[in-house]
Amino acid sequence: MKDLYDITRHLVWLTQFGLSICLPLILCVAASVWVQKTFSLGGWVVAAGVILGILGAVGSLRYSLKAVERQGREPKKEPPPVSFNRHG
């Protein structure tokens, strides 16, 4: 049962990872195409949308990789709490 849980958890993480990388680029390009057609602007708007989308995807990639690194670290061992009930 633990294997199924691990597989499901990794599958969910991979899906989120893929969407967080792809969606900023897709949404920025779609928005820039809409702005270009709505306001009759030049092609530079789409180029700006592509650049913003790539920057958003890179930022999301960095955030996801940092989260993976945090999860991969071993938890710090905390010292036992101080107990004042011990009388010696």
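**View 1. Charged side chains of the chain.** The chain carries 10 positive and 5 negative side chains. The centres of these two sets lie 9 Å apart. The model shown here and in the other views is predicted.

**View 2. Overall form of the chain.** Two helices and zero strands make up the secondary structure. The C-alpha trace spans about 85 × 35 × 15 Å along its principal axes. The radius of gyration is 23 Å, whereas a compact globule of 88 residues would have one near 12 Å. Of the contacts between residues at least 6 apart in sequence, 57% join residues at least 24 apart.

**View 3. Surface of the chain.** Of the 88 residues, 9% count as buried. The accessible surface comes to about 7,800 Å². Carbon and sulfur atoms account for 69% of that area.

View 4. The ring centres of W13 and F17 are 5.1 Å apart. Their planes meet at 15°, under the 30 degrees cut-off, so the pair counts as stacked. Both residues belong to helix α1, which covers residues 2-39. W13 and F17 are four residues apart there, about one turn of the helix. W13 is partly exposed, at 31% relative accessible area.

**View 5. W34 and F39, an edge-to-face aromatic pair.** The rings of W34 and F39 sit 6.4 Å apart, centre to centre. The angle between the planes is 80°. W34 is exposed, with a relative accessible area of 56%. F39 also counts as exposed, at 53% relative accessibility.

Terms used
Residues are numbered from 1 along each chain as its sequence is written. This is a predicted model: local features need pLDDT of at least 70, side-chain atom pairs count only at pLDDT 80 or more; totals for chains, interfaces and linings use all residues. Side-chain values use heavy atoms; hydrogens and water are left out. The radius of gyration is taken over C-alpha atoms; the globule rule is 2.2 Å times the number of residues to the power 0.38. Buried means under 20% relative accessible area, exposed over 50%, partly exposed in between (1.4 Å probe, protein chains only). Contact means heavy atoms within 4.5 Å. Accessible areas come from the Shrake-Rupley method with a 1.4 Å probe; for residues, only the protein chains shown count as cover. Lys and Arg count as positive and Asp and Glu as negative; His and the chain ends are not counted. The place of a charge is taken as NZ of Lys, CZ of Arg, CG of Asp or CD of Glu. Rings of Phe, Tyr and Trp (its six-membered ring) pair if their centres lie within 6.5 Å; planes under 30 degrees apart count as stacked, over 60 as edge-to-face and the rest as tilted.
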